[in-house]
Amino acid sequence: MFDLPVSAVYSITSKMIISEELHASLDQPTQTVVLHRPGPGIEMSRLEYLAGAYADKVQSFVESNERLLETRSITLGLQQQTGEKVDKAGVKTNGGNPAGGGRKFDGKGRGRGGAF
């Protein structure tokens, strides 16, 4: 997405750390910038504040996706155990049971076509 050489990023970040514009350290083995909370009486820069806000939003997004995935996997597991499938219209089918003959049900006991 961005095309900056690693040396340029290290150079810019190092200058910001030295001039105390950024409370951070460089972790060279993992090629990351580790932001530190400033001490009492020292305000965060706008960049540090925005980075923290972004990290919080990403964390809430990841947690939301994990809950959604967990809910869907539980639902899928229950459907597989009972042998039911749900088509795109939300109508349950009898999952290939020979007695059902592939007939669709609308959830109220009424059939919607298919072989008898």
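How many helices and strands does the secondary structure of the protein chain come to? Please then look closely at the hairpin of E1 and E2.

Mentor: This is a predicted model, and its protein chain comes to 2 helices and 5 strands. Along the sequence these elements are arranged in the pattern α-β-β-α-β-β-β.

Let us turn to the hairpin. Strand E1 covers residues 24-27 and strand E2 covers residues 32-35. The two strands pair in the antiparallel sense, over 4 bridges. Across this pairing, Ser25 stands opposite Val34 in E2. There are 4 residues between E1 and E2 in the hairpin. Gln31, in the turn, has a positive phi of about 55°.

Together with Tyr54, Val58 and Phe61, Val62 forms a nonpolar patch on the surface. The accessible area of these residues together is about 410 Å². Val62 counts as partly exposed because its relative accessibility is 37%, a value that falls between the cut-offs of 20% for buried and 50% for exposed.

Finally, consider the chain as a whole. Of its 116 residues, 8% are buried. The protein chain exposes about 9800 Å², and carbon and sulfur atoms supply 58% of that area. Among contacts between residues at least 6 apart in sequence, 8% join residues at least 24 apart.

Definitions and conventions: Residues are numbered from 1 along each chain as its sequence is written. This is a predicted model: local features need pLDDT of at least 70, side-chain atom pairs count only at pLDDT 80 or more; totals for chains, interfaces and linings use all residues. Side-chain values use heavy atoms; hydrogens and water are left out. Patches are made of residues with over 30% relative accessible area and no salt bridge: like charges are joined within 9 Å, nonpolar side chains (Val, Leu, Ile, Met, Phe, Trp, Tyr) within 5 Å. Accessible areas come from the Shrake-Rupley method with a 1.4 Å probe; for residues, only the protein chains shown count as cover. A salt bridge is a side-chain nitrogen of Lys or Arg within 4 Å of a carboxyl oxygen of Asp or Glu. Buried means under 20% relative accessible area, exposed over 50%, partly exposed in between (1.4 Å probe, protein chains only). Two strands pair if DSSP finds at least two bridges between them. Contact means heavy atoms within 4.5 Å.
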